[in-house]
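Here are some notes to read with the model open beside you. Take the points in order and look up each residue as you go.

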Amino acid sequence: MGFWIFMLCMNLLLPFIMAVCGWAFRRRPPKQINDLFGYRTARSRSSQEAWDFAQKYMGQLWFRLGIGMAPLGAAAMLPCLGKDTDLVGVWGGAVCLAECLVMLFSIFFVEAALKKRFGDGGG
């Protein structure tokens, strides 16, 4: 049971981080285009306007995804409650992988929004 609780906490960690980072980026996105912090792609860095849009859009998206993934991640762990640690580990790892894929696929949505708003050039 202890390992199941550990895996549940680990599977809630990514949605929590996404929600917190999303909230922070909605409230206080990086103001200047930089090489260290923020949503940094060629399209988002093509102009200050594109940069500002990408930071807020990504923040909104991550906040919503994080809030939505938390209960789904918890519910996904329920089928292996009380099972052996091997199954809990494999199942929890699969849930974590799915959450990582959701996080990575969010890039496509931000890029599509940038392309729609700014065209192929970004600015």
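1. Let us begin with Asn-11, which sits in helix H1. Please keep in mind that this is a predicted model. Is Asn-11 buried or exposed? Asn-11 has a relative accessibility of 1%, and because buried means under 20%, Asn-11 counts as buried.

2. What does Asn-11 touch, once residues up to four places away in sequence are set aside? Its partners are Met-77, Gly-92, Val-95, Cys-96 and Glu-99. Take Glu-99 as an example of how a chain folds back: Asn-11 and Glu-99 are 88 residues apart in sequence, yet their C-alpha atoms are 8.0 Å apart in space.

3. Now step back to the helices themselves. The axes of H1 and H3 come within 9 Å of each other and cross at roughly 5 degrees. Angles under 35 degrees count as roughly parallel, so H1 is roughly parallel to H3. On the H1 side, the contact is made by Phe-3, Trp-4, Met-7, Asn-11, Leu-14, Pro-15 and Met-18. H3 contributes residues including Val-88, Gly-92, Cys-96, Glu-99 and Met-103. Sorted by type, the residues of this contact of H1 with H3 are 11 nonpolar, five polar and one charged.

4. H3 deserves a point of its own. This helix has 34 residues and reaches 50 Å from its first C-alpha to its last, which is close to the 50 Å expected at 1.5 Å a residue. The buried residues of H3 include Val-88, Gly-92, Val-95, Glu-99, Ser-106 and Phe-118. What covers the buried residues of H3 includes helix H1 (2-27) and H2.

5. How do H2 and H3 meet? The axes of H2 (residues 48-77) and H3 come within 9 Å and cross at roughly 155 degrees. Angles over 145 degrees count as roughly antiparallel, so H2 is roughly antiparallel to H3. The crossing in which H2 passes H3 is right-handed. Residues in the contact of H2 with H3 divide into 21 nonpolar, three polar and three charged.

6. With a relative accessible area of 3%, Ser-106 is buried. If you leave aside neighbours within four places in sequence, Ser-106 is in contact with Leu-61, Trp-62 and Leu-65.

7. Compare that with Arg-64, which lies in helix H2. Arg-64 has a relative accessible area of 57%, and because exposed means over 50%, Arg-64 is exposed. Arg-64 also pairs up in space with a residue from another part of the chain: Gly-22 is 42 residues away from Arg-64 in sequence, and the two are 7.9 Å apart, C-alpha to C-alpha.

8. The last stop is Asp-52, also placed in helix H2. Is Asp-52 buried, exposed or partly exposed? Its relative accessible area is 35%, and that value falls between the 20% and 50% limits, so Asp-52 is partly exposed. Not counting residues up to four places away in sequence, Asp-52 touches Pro-30 and Lys-31. For Asp-52 and Ile-33, the separation is 19 residues in sequence and 8.6 Å in space, C-alpha to C-alpha.

Terms used:
Residues are numbered from 1 along each chain as its sequence is written. This is a predicted model: local features need pLDDT of at least 70, side-chain atom pairs count only at pLDDT 80 or more; totals for chains, interfaces and linings use all residues. Side-chain values use heavy atoms; hydrogens and water are left out. Buried means under 20% relative accessible area, exposed over 50%, partly exposed in between (1.4 Å probe, protein chains only). Contact means heavy atoms within 4.5 Å. Axes are lines fitted to C-alpha atoms, for helices over the stretch in contact, and angles run from 0 to 180 degrees between N-to-C directions. Helices (H or I, at least four residues) and strands (E, at least two) are DSSP runs, numbered from the N terminus. Angles under 35 degrees count as roughly parallel, over 145 as roughly antiparallel, 65 to 115 as roughly perpendicular and the rest as oblique. A crossing is left-handed if the near helix is turned anticlockwise from the far one by less than a right angle, and right-handed if clockwise. Ala, Val, Leu, Ile, Met, Phe, Trp, Tyr, Cys and Pro count as nonpolar, Asp, Glu, Lys and Arg as charged, and the others, Gly among them, as polar. The expected span of a helix is 1.5 Å times one less than its number of residues.
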